[in-house]
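Look at the sequence and the model shown here, and keep both in view while reading. The text starts with the ligand and then moves to the aromatic rings and a pocket.

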Amino acid sequence: MDRLSTDTYWHETATAQPAEPLDGDASCDVCIIGAGYTGLWAAHFLKQAEPGMSIMVVEAGTVGGGASGMNAGFVQMTAGKVLRRMLWYYGKEKAGGVYKSVARSVLEIGRFCRQNGIDAQYQNSGILQVATDTKQLARLELQIKRARKAGVASFRLLDAAEAQERIGSPTVLGALKVSGALLNPYRLVLGLARVVREQGVPIHEHTPAETVEKVDGKWRVSTPKGTVIADQVVMATNGLQGQFPELHARQMPVWNYLMVTEPLTDEQLGRVAWPGREGVANSLSFSTAARLTPDNRVLWAGGLWYMFGNRDTDVRHRRNDEAFGKLEQSFRAFFPHWRDVRFSHANGGLISWSHTFIPQFGRTESDMIYGHGYTGSGIAASHTGGKILRDLVLRRQTEFTDLAFVTVNQPKFLPGAWGNKGGEFFIWRQRIGDRLPLLLPYQAALAPKRFFARRPAQGRP
Ligand SMILES: Cc1cc2nc3c(=O)[nH]c(=O)nc-3n(C[C@H](O)[C@H](O)[C@H](O)COP(=O)(O)OP(=O)(O)OC[C@H]3O[C@@H](n4cnc5c(N)ncnc54)[C@H](O)[C@@H]3O)c2cc1C
């Protein structure tokens with residue numbers, strides 16, 4: 001493991017434009033906390049809708065220093081695996097609404113890059129969802145039925161021979177080609193930040209919001225060298241939302257990892273059929289995903305989630321030799337023809353896990369606006385989320401504020417040790433579930449469906 005770099009591979013593919021920290025007090029209409037996709041899409045759509053509005057973004061580290069700059073770059077539907085849950089809890093209309101909005105975001109991100117000269121290596125090649133055991137095959141068949149039921153798409157299951165022509169792994173038993181794109185995540189977030197700055201929104205890097213409190217009807221965001229007074233705040237800190245007491249129980253931070261190989265030679269590349277260069281993901285609960293980078297490395301991501309101690313988000317967990325070992329093992333099993341291919345980079349990032357796996361946007365009791373809970377699929381969903389946050393700030397009731405991301409009741413995690421135990425139990429259950437035969441939907445027994453169908457007490461625009 002020592003030869004592996006724990007630096008982010010994508011950070012080597014672009015040069016960032018550094019920005020000054022906030023130095024002194026300031027005031028604005030809206031202060032956005034966090035410069036990943038969520039905060040930056042919110043800033044972009046808000047400024048587009050209200051050019052006269054003064055908006056400021058404060059970022060603890062650097063733009064794209066969080067998950068937005070290091071992820072696997074699959075621009076996909078959040079609704080893939082959560083479609084089952086959404087259909088069960090919220091019914092066909094709400095589930096279909098989310099699915100269609102996020103599908104639109106997949107395409108709009110590509111258009112945004114083209115229109116703004118962002119070379120994010122966006123490639124609308126679709127994603128192959130593959131099965132490597134019979135249980136996963138059954139899951140894919142169910143997924144086809146559900147997509148039909150929600151009226152969102154029609155798929156055809158490719159058999160083993162057809163699937164292996166598209167991705168030459170002998171372990172593949174079947175596949176679905178679903179819509180989705182691949183991109184360079186870091187270039188997207190840097191490009192988006194450039195556009196936001198050109199719109200007139202300052203982004204202050206190395207400016208952590210230490211406290212965010214409401215005083216006399218205004219928000220006070222305290223940072224090391226100055227205080228921002230704002231009419232509204234948007235909390236966009238992903239797996240770090242828990243540092244703010246009001247958001248602590250709404251999401252759970254978990255760690256997930258990815259590895260990148262050295263560039264393949266033409267001879268190595270030729271050993272495995274992958275003519276469409278699509279993203280490939282298996283159909284386990286803790287799915288593993290593969291893609292080629294433009295310089296012909298293989299990026300291998302996903303697998304188990306990790307929780308450490310009391311929701312520990314310390315950056316030292318970016319390195320996790322156990323996770324890297326398991327990822328390497330699953331890579332060798334999936335691609336036995338690449339036994340001699342070596343990994344050069346490996347690191348991890350924080351996923352903001354929502355209790356229902358469905359992203360959450362809304363307002364807290366004290367009127368703090370938040371967006372989080374992408375549960376590992378945030379590139380496309382955060383684009384839809386930016387429109388939701390815009391409309392929440394502007395107090396407009398629109399098709400975006402009516403999406404299930406906002407208008408459904410979402411259970412919270414328990415605070416403290418019980419919440420940690422609950423999280424660990426859930427991860428254990430998913431892990432075991434991946435090894436057992438397909439069971440009937442357990443929600444029928446465990447989830448009070450009527451609870452989810454109610455509108456939340458907060459979260460209305
Ligand atoms: C290994 C891995 C692979 C993934 N792969 C994919 C994928 O292929 N496709 C997909 O759709 N999604 C993927 N994701 C998820 C995706 O990256 C996230 O959902 C998305 O980036 C979330 O964006 P964000 O802006 O909410 O969060 P982030 O990008 O994490 O941004 C939050 C920002 O807030 C800042 N911040 C935190 N605290 C403070 C504070 N107090 N003050 C100021 N700023 C603060 C942080 O520094 C950070 O920059 C992956 C995630 C991981 C970890």
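A polar contact is a pair of N or O atoms within 3.5 Å; within protein, one atom must be able to donate a hydrogen and the other to accept it, and residues adjacent in sequence count only if both atoms are side-chain atoms. In the side chain of E59, an N or O atom is 2.6 Å from an oxygen atom of the ligand. The backbone also takes part: a polar backbone atom of Y37 is 3.0 Å from a ligand oxygen, and a backbone N or O atom of A67 lies 3.1 Å from an oxygen of the ligand. Taken alone, the ligand exposes 1000 Å², and the protein buries 95% of that (areas by the Shrake-Rupley method with a 1.4 Å probe).

The model is predicted: local features need pLDDT of at least 70, side-chain atom pairs count only at pLDDT 80 or more, and totals for chains, interfaces and linings use all residues. Residues are numbered from 1 along each chain as its sequence is written, and side-chain values use heavy atoms, with hydrogens and water left out.

How many residues surround the ligand? There are 36 (each with a heavy atom within 4 Å of the ligand), and the closest are T38, E59, S68, F74 and I379. By class, this shell has 19 nonpolar, 16 polar and one charged residues. Its largest share, three residues, comes from β16.

Next come the aromatic rings. Rings of Phe, Tyr and Trp (its six-membered ring) pair if their centres lie within 6.5 Å. The whole structure has 25 aromatic pairs. One aromatic cluster is formed by W274, W300, F331, F334, F335, W338 and F343.

The last stop is a pocket, an open set of points on a 1 Å grid over the protein atoms alone, with protein on both sides within 12 Å along at least five of seven lines; lining residues have an atom within 4 Å of a point. The second largest pocket is lined by 27 residues, and L284, F286, T288, G303 and S330 lie nearest its centre. The helix α7 gives the most to this lining, with seven residues.

Note on methods: Helices (H or I, at least four residues) and strands (E, at least two) are DSSP runs, numbered from the N terminus. Ala, Val, Leu, Ile, Met, Phe, Trp, Tyr, Cys and Pro count as nonpolar, Asp, Glu, Lys and Arg as charged, and the others, Gly among them, as polar. Rings of Phe, Tyr and Trp (its six-membered ring) pair if their centres lie within 6.5 Å; planes under 30 degrees apart count as stacked, over 60 as edge-to-face and the rest as tilted. On a 1 Å grid over the protein atoms alone, a cavity is a set of points where a 1.4 Å probe fits but cannot get out, and a pocket is an open set with protein on both sides within 12 Å along at least five of seven lines; lining residues have an atom within 4 Å of a point.
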